[in-house]
Amino acid sequence: MSADIRGDAADRNGGDLSPGEHLRAEIERLSLDQVAVSNATGVSRQSINNIVNGRQPISRAMAAKLGRLTGHSSDYWLRASFPQPRPVSAAGGRPETAPAEGRPFGVGVLVNHQIVRAVKNGVIGIDPFEAENVQLASMDLTLDDFIVTNDGEKVDASGERDFVLKPGRTANVGTREWLEFPRDYIGRVGAMAALAKRGIMTSHGLQIEPGFKGNLHFCVFNASGQNFRLHGGMPVISLEIMPLSVTPAPDERAGRHAGEAGGRNDVGSVFGERGVCGRLIRDAIRGDAKVDIVADGAKATIPELDIEIFDVSADAALDNAVQGALEGLSALREQPSAAREDREKYAAFFGGIAERLYLSGDQVRQALACLGHSVESADTLIAALRGGGEALLPLPAKTARVTMRHLARRLREDPLDLILLLAGPRRPSEEK
C-alpha cells in the first residue's frame, strides 16, 4: 500500500483512514486507475471518483465488488475507518502482527490480474507461464509430456502423440509447470469442470503448503464409459492461489510438508541443490524406475541398470535408486577400464534421458549459470568449453525448447558428463 498516501491521510484524520482514502491507496497498490476499477466492477467512473473523494459511501453491493477486485472480504470494505499500518521496527523488519491490508495482494483468492502480476514480479514461481491459462480466479495447469501407467510403463504423449485412458483405468501424471510458493502463500488444486463433465476424475492433495517447490503429481481416473485421450500440454487441473494473513512461524515439519502436495518427499532431499535442471534430470530417472510394495517396505528397480533397492518406503527406495544410478554413472566415467557391457548400458540409459529431456530457454540459462557461465544477453560467450577455446552460444528464446543432448553438443560436452555436472551423484547433505 502506498506509504505516502496513507501518511497524508493519517495526518488529517488522527491516524485512521476513511474508506475513500483507503480505496485510493488500494487502487495505487494494485497499479490500477479509476477507469480500470470502473471496468472491473461495472460501476461508473463517477461513482468510483465520488467514493475515493468521500462524497459517496461504500454500499454492500459495492463492497462485494471491491472484495472480488482487491482480495479483501465484503465486510472488510464496510468498515467506518481503516487503521494506519504499524511502523517498521527499529531493526528494519516488519512485525508479524502487521495488519493484513499491508500485504501486496491482500488476503483472499488471487484473481486474474493479480496472478499475472504475482508471477511477473516473482512473488509466485510458475514455469512455464502461459497467460492464456489464467482464468478469472484460478489458473489451469497443463499435463506433462510423460504419463506413467498402472503397470509402470512410461508413455510419451508429447507433440502429435497421445495416451488413451480406457474406461475404469488410472494413470499417474504430473504438471508441465514447475511451481514455487513463498512461505506466506498457499495453493489449492481441484478438478477442471470441463474434464469432470466427461467423467475424468483427478486424485490429489487439496492444499499446496507454504514454501512448496516442484511439479504437482497426481492420478487421473476415467470414470466414463468411453476412451479419453491425454496429451502433453492439455489443461488438466485448476490452481487457486491465496496469500496468508501472516507468515507461519518456523516449524520442523515445514520441509516435509513442502513437497506433500506433489506426492513427494521433501523436494530438497530428493533433488539436491543444483537448480532446476538437476531436479529435472533426477525426476527423469525417477520416472524410469519401478516401485513394488513388499512385506517390509518397498522395492525400487531400474531394470536397464540392474539396480534394485529395498527401503522402508516407496519414496526412500526411489531416492536411493536415483542416487545409485548417478553414482554408477560417475564411477564408470572415472574408470575407462570398466567393463564394456556396463559402459554401454549406462550410456544407453542416460543417453535416452538426454535425448528426451527438454529444457526451456529459462532452464538453459539456469543450466549455464549452474556451470559457472555468465548469461547476459541473447548470445553469450562461453570461454571454458571442453578442449579449450571460446564460442558464442545463441541462447534459445524463452518459449523455445531444446533437448539436453542439443545443449551438450553446443557446449562441446558429452551428454553424460553434462548430466553429472548438473545433477551430480552427491547427496544434498554433502553439498558445500
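Mentor: Happy to. One term before we start: two strands pair if DSSP finds at least two bridges between them. Also keep in mind that this is a predicted model.

Trainee: Good. How many bridges join β9 to β13, then?

Mentor: There are 2 bridges joining β9 to β13, and the two strands run antiparallel. Look at Glu 180 for an example: its bridge partner in β13 is Lys 213.

Trainee: What is the strand order of the open sheet that holds them?

Mentor: The order is β3-β9-β13, an open sheet of 3 strands with antiparallel pairing. β3 (125–127) and β13 (213–214) are the edges; each has a single partner strand, so one side of each lacks a neighbour in the sheet.

Trainee: There's another open sheet, with 5 strands. What's the order there?

Mentor: That one goes β6-β5-β8-β14-β11, and the pairing is antiparallel. Its edge strands are β6 (154–156) and β11 (200–203), each pairing on one side only. On average, neighbouring strands in this sheet are turned by 30° against each other, direction ignored.

Trainee: Can you show me one pairing inside it?

Mentor: Take β5 (residues 146–149) and β8 (residues 170–174), which pair in the antiparallel sense over 2 bridges. Val 148 has Asn 172 of β8 as its bridge partner.

Trainee: While we're in that region, which residue does Asp 145 meet in a salt bridge?

Mentor: Arg 176, with 2.3 Å from N to O. Asp 145 sits in the loop between β4 (139–142) and β5, while Arg 176 sits in the loop between β8 and β9 (178–180), so the pair ties together parts that are 31 residues apart in sequence.

Trainee: Is Asp 145 buried or exposed?

Mentor: Asp 145 counts as buried, because its relative accessibility is 4% and the cut-off for buried is under 20%. Arg 176, at 27%, counts as partly exposed.

Trainee: How many salt bridges are there in the whole structure?

Mentor: A search of the whole structure gives 13. One of them is between Glu 344 and Arg 340, at 2.8 Å from N to O. They are 4 residues apart in helix α13 (residues 340–356), which means about one helical turn separates them.

Trainee: And how accessible are those two?

Mentor: Glu 344 is partly exposed at 42% relative accessibility, and Arg 340 is exposed at 59%.

Trainee: Which residue does Arg 405 form a salt bridge with?

Mentor: Glu 355, and the closest N and O atoms are 2.6 Å apart. This pair links distant parts of the chain, 50 residues apart: Arg 405 is in helix α15 (residues 404–410) and Glu 355 in helix α13. Arg 405 is partly exposed, with a relative accessible area of 27%, and Glu 355 is partly exposed at 43%. Elsewhere, salt bridges that share partners join Arg 286, Asp 315 and Asp 319 into one network.

Trainee: Let's switch to helix packing. At what angle do α3 and α5 pack?

Mentor: About 110°, with the axes of α3 (residues 34–41) and α5 (residues 60–70) 10 Å apart. That makes α3 roughly perpendicular to α5.

Trainee: Which residues make the contact?

Mentor: On α3 they are Val 37, Ala 40 and Thr 41, and on α5 they are Met 62, Lys 65 and Leu 69. By type, the residues of this contact are 4 nonpolar, 1 polar and 1 charged.

Trainee: I also noticed Trp 77. Where is it found?

Mentor: Trp 77 is in helix α6 (residues 74–77). Trp 77 is buried, with a relative accessible area of 1%. Leaving aside neighbours within four places in sequence, its contacts include Pro 19, Leu 23, Ile 58, Leu 66 and Phe 82. Trp 77 and Arg 60 are 17 residues apart in sequence, and their C-alpha atoms are 8.4 Å apart in space.

Trainee: To finish, what about the chain overall?

Mentor: The chain has 16 helices and 23 strands. Of its 432 residues, 45% count as buried. Among contacts between residues at least 6 apart in sequence, 64% join residues at least 24 apart.

Key. Residues numbered from 1 in each chain as written. Predicted model: local features only at pLDDT ≥ 70, side-chain atom pairs only at ≥ 80, totals over all residues. Heavy atoms only, no water. Axes fitted to C-alpha atoms, helices over the stretch in contact; angles between N-to-C directions. Parallel < 35°, antiparallel > 145°, perpendicular 65-115°, else oblique. Contact = heavy atoms within 4.5 Å. Nonpolar A, V, L, I, M, F, W, Y, C, P; charged D, E, K, R; others polar. Salt bridge = Lys/Arg side-chain N within 4 Å of Asp/Glu carboxyl O. Buried < 20%, exposed > 50% of the residue type's maximum accessible area, 1.4 Å probe, protein only.
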